[in-house]
Amino acid sequence: MEEEIKKLIKDALGNLAIEVGNFTIEHPEDLKNGDYSTNVALVIAKSVERNPQELAEKIVAEIIRLNIDKNIEKVEVAGAGFINFYLSRKFFSGSVEEILNIKDFGTNKIFASKKIMVEYTDPNPFKPFHIGHLMTNAIGESIARILEYSDADVSRANYQGDVGLHVAKAFYSMRKRGMPKDMDAPVSVLAQYIGESYAKGNEAYENDIKAKKEIEVLNKKIYDKNDEEINKVYNWGFKVTMEAFEDLYRILGTKFDFYFLESEVSLFGEQIVKDNIGRVFEKSDGAVVFKAEKHNPKLHTRVFITSEGLPTYEAKELGLTEEKFKVKPDMDLSLVVTANEQADYMKVVDKALSLIHPEYENKMLHITHGMMRLLARSRATAEELTSIKMSSRKGNVITGEKLIRDTIALIVEKMKDRSWNQEEKNKVAENVGVAAIKYSILRSKAGNDIVYNVEESISVEGDSGPYLQYSFARANSVIEKAQKENILPDFEKVPDEVSEVEKLLYRFPEVVSRSASLYEPHHIATYLIELARAFNNFYGHTLIVDKKDITSSYKIALTYAFSFVMKTGLHLLGIEAPKRM
RNA sequence: GCACCCGUAGUGAAAUGGAUAUCACAACAGUCUUCGGAACUGUCGUUGGGGGUUCGAAUCCCUCCGGGUGCACCA
């Protein structure tokens, strides 16, 4: 429709012998101002030295003369010289019909046949799954799904630190505490034991010089892999934490295609650095460094190989990226989702890599996200707002895993009166809990810090994931009732008035395109909340299933269209849409 | 100190350089309640300060103030 309106304007300008400028067509913020609007008169008014309103009137007159399109009902001038287009009843009922008939409604071709790898989540074996991982996961998964809807060939990657001091810290503490009594306990319990051990070990490392020494000795032993006993425990702990992560991925709805381990890319990265000493890297104080400020004054120097001869994270990152291009040949884009604080050094790493591989320069993109702060009570005042830095290094942090399980437990409690079988209840509670958390993350622009309010996010009043799910479930029961009464969707007899739901539904593919091209899931979240509100409003004021009403069939069709778009939109956010809750 | 990110009602957020800055929570006042009340309607209230660019600025530029993050061998 946008293209048709654009053509109409261009034709009108042509007939009036006015040169076409750089005008835009957009949806007015307020639905009262029509469905589409153009600033064309404002843009060209200056160059032709005419009053924009007069000019707009002239253009409108010409458009009306030209327009025989039954999709447009009214064109008028408003405000400073905007031209507003009001679409016709027929357009809207046509668009509802289209949503029901086109299977892949909502998709686009922005990334047609592009190979894209998205790396996200990145938890470390032997450490807890913390809240930062939850954020990265929610954002990364949503972006992956949005790109899939934009016709990209997407693969999901997870990069995990399986070596390093953190492992020794966990080991140290595990030795002190002794192994769990029940070694056959569920992996989540065993992983929790390991995670706690890590936190304790870290505390000892920081506060106790003797412990610090012991941990360093242990670290070397783990690295050397000569001690059978240590190898055994390592393999066990690695397996347990990885399986526990897999459990969480299942709950969160993520399935990775590639797992990269730090130990596997480490040597590779080191070699890349060594091969480029003199070209890209240089020696300084015994270390190998990259002086990025030589290429861009806003960047800084970073160490890639320490004076002890060990590769740093930066060097490993080089190995990782090269590895990605190896496992996915002809990759067009390597996307990495991480926290904000990594933005600056990622730029340095990217710069180094671009010097080594100029062909990668425009194929790497980092998306960074803010921190999550937890708010315990909804009525907390500003002073009570506790800001918690999500670091698993400090003790008594709430892990991401605990947040998920606690949220689900609250939903279970809320649903205790449902008389369904326990299995369905649990499944739905899981879906709703994940929706609460993910929506809280995805409603904001990724770079911002967010506040997670446990009570509000599950309360379902207003701006929440469960509210979206609720409106879907509600639509679903309307559909079920219609099926019982044998009222089938139809597009012939339509109500005179166009509902807000219809005015929003046809825009869904545009919202998806926009989210895809900007890599910003929050536009979909904002759109869905608006759509849900419009539907609940419609529902509250109209009896949809009504045998006495000849427009009932159309209202059913509209309900189907709504439920399809809501379900698809939730999918793009990584949220399930249960039929009842 | 240098660099980057951020600053929008009491709170949390949205806004492609566009119109009277949108939505939710909270507060206050109502509705209805036989398709799911986990609902709906209304009221209240906002762009950190100052310049500039523009027909038009929350958005772009400058500056000041406030907050966060990063700046050499941790990841």
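Start by selecting Leu8, Ile9, Asp11, Ala12, Leu13 and Asn15 in α1, which meet Ile59, Glu62, Ile63 and Leu66 in α3; two residues are in contact if their C-beta atoms, placed from the backbone, lie within 7 Å. By class, this contact of α1 with α3 has 7 nonpolar, 1 polar and 2 charged residues. Here Ala, Val, Leu, Ile, Met, Phe, Trp, Tyr, Cys and Pro count as nonpolar, Asp, Glu, Lys and Arg as charged, and the others, Gly among them, as polar.

A word on what you are viewing: this is a predicted model, in which local features need pLDDT of at least 70 and side-chain atom pairs count only at pLDDT 80 or more, while totals for chains, interfaces and linings use all residues. Residues are numbered from 1 along each chain as its sequence is written, and chains are lettered from A and ligands numbered from 1 in the order in which they are written.

Now show α1 (residues 2-15) and α3 (residues 52-66) whole: the two helices pack at an angle of about 110 degrees, with axes 9 Å apart. Axes are lines fitted to C-alpha atoms, for helices over the stretch in contact, and angles run from 0 to 180 degrees between N-to-C directions. Helices (H or I, at least four residues) and strands (E, at least two) are DSSP runs, numbered from the N terminus. α1 and α3 are therefore roughly perpendicular to each other (65 to 115 degrees; under 35 is roughly parallel, over 145 roughly antiparallel, the rest oblique).

Next, select helix α10 (residues 262-275) and helix α11 (residues 313-327), whose axes come within 7 Å and cross at roughly 100 degrees. That makes α10 roughly perpendicular to α11. Among the residues making the contact are Val265, Phe268 and Ile272 of α10 and Leu318, Leu320 and Glu322 of α11. In this contact of α10 with α11 there are 7 nonpolar, 3 polar and 6 charged residues.

Move on to RNA strand B. How many residues surround RNA strand B? There are 79, and the closest are Ser37, Gly79, Thr306, Gly462 and Ser477; a residue is near a strand if its C-beta atom, placed from the backbone, lies within 6 Å of it. Elements giving two or more residues to this surface include α2 (40-45), β4 (82-87) and α16 (465-484). The surface near RNA strand B divides into 28 nonpolar, 31 polar and 20 charged residues. α19 gives the most to it, with 9 residues.

Pick out Ile524, Tyr527, Leu528, Leu531, Ala532 and Phe535 in α19, which meet Phe562, Val565, Met566, Gly569 and Leu572 in α20. This contact of α19 with α20 has 10 nonpolar, 1 polar and no charged residues.
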